[in-house]
Amino acid sequence: QAVLRDGALTGHSGIAPWIANSWRRCLASGQRPDQQLAFDLLSESTMRRTAEASHELVAAARPVMQTLGKALADTRYFSILTDARGVVVDVDGPIDRSDHRASLIARVGVDLSEPAVGTTAIGAALIERQPVWLHRGEHFFADTSVYSCAGAPLFGPDGDCVGMLDLTGIEAPERPELRHLVVQSARSIE
């Protein structure tokens, strides 16, 4: 956040270039780190179209996500599957529904793209088309700085990005090794 306040998004900041690029896009779009996020759901008709369009992706991912849910049981991380736009199409794992912060993001139909919620592993994996690890303070918004996330894009048989798989923890111990697990899981889904 000090880098953002001082405007010193340089290569010497210790921030990965893809994170700095995401922060720049957020700033250029008029977003500010301290603004409150709404985590809005799509309209009912858009959610219905999204569910229909994502049916095959969800069916392919479901067994892998269930296995991940068991593997993540004691880690306080859970999985989120999005379409290529960053809209949540499925969730699984040990989601603490009593934690409002989990309920905000672990909902089918919520838009977790970079334009909607700033720098996240979801937006980064979809824009950069590569696996990422993003820990708390690297998120653009203060509202998302409680999450630690590993994400990997998912590619269809024609090579197009069809979505992404994310593993998120809320104020959980940092687990950058989950980046490798999310990559393996994404390849299994593909």
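Ile 80 touches Met 65, Val 88, Asp 90, Val 91, Ile 105, Leu 112, Ile 122, Met 164, Leu 165, Asp 166 and Thr 168, leaving aside residues up to four places away in sequence. Contact here means heavy atoms within 4.5 Å. The model is predicted: local features need pLDDT of at least 70, side-chain atom pairs count only at pLDDT 80 or more, and totals for chains, interfaces and linings use all residues. Residues are numbered from 1 along each chain as its sequence is written, and side-chain values use heavy atoms, with hydrogens and water left out.

Ile 80 is among the residues with the most contacts inside the largest nonpolar core, which has 35 residues. Phe 39, Phe 78, Ile 105, Leu 112 and Tyr 147 are also on that list. A nonpolar core is a set of buried Ala, Val, Leu, Ile, Met, Phe, Trp, Tyr and Cys residues joined through side-chain atoms within 4.5 Å. Buried means under 20% relative accessible area, exposed over 50%, and partly exposed in between (1.4 Å probe, protein chains only).

## Contributors and a second core

The elements giving two or more residues to this core are helix 2 (17-28), strand 1, strand 2, helix 5 (100-105), helix 7 (121-128), strand 3, strand 4 and strand 5. Helices (H or I, at least four residues) and strands (E, at least two) are DSSP runs, numbered from the N terminus. A second core is separate and has 20 residues, including Ala 61, Val 64, Ala 152 and Leu 167.

Five strands form an open sheet in the order 2-1-5-4-3, with antiparallel pairing. Two strands pair if DSSP finds at least two bridges between them. Strand 2 (88-92) and strand 3 are the edge strands, each pairing on one side only. The twist averages 20° from one strand to the next. Axes are lines fitted to C-alpha atoms, for helices over the stretch in contact; angles run from 0 to 180 degrees between N-to-C directions.

Strand 1 and strand 5 share 7 antiparallel bridges. Tyr 77 has Gly 169 as its bridge partner in strand 5. Strand 3 (residues 132-134) and strand 4 are joined by 3 antiparallel bridges. There, Val 132 is partnered by Gly 151 of strand 4.

## Strands 4 and 5

Strand 4 and strand 5 (residues 161-170) pair in the antiparallel sense over 9 bridges. They form a hairpin with 5 residues between them. Gly 159, in the turn, has a positive phi of about 90°. Along the pair, Tyr 147 stands opposite Ile 170, Ala 150 opposite Leu 167, and Pro 153 has Met 164 as its bridge partner.

Strand 4 (residues 147-155) is largely enclosed by the rest of the structure, because 8 of its 9 residues are buried. Strand 5 is mostly covered too: 9 of its 10 residues are buried.

## Helix 8

Helix 8 (residues 178-189) has 12 residues. From first C-alpha to last it reaches 16 Å, close to the 16 Å expected at 1.5 Å a residue. The expected span is 1.5 Å times one less than the number of residues.

Its buried residues are Leu 178, Val 182, Ser 185, Ala 186 and Ile 189. Seen down the axis of helix 8, they fall within an arc of 105°, so they line one face. The arc is that of the directions from the helix axis to the C-beta atoms. The face turned away carries the exposed residues His 180, Gln 184 and Ser 188. The buried residues of helix 8 pack against helix 4 (55-71), strand 1 (77-83), strand 4 and strand 5.
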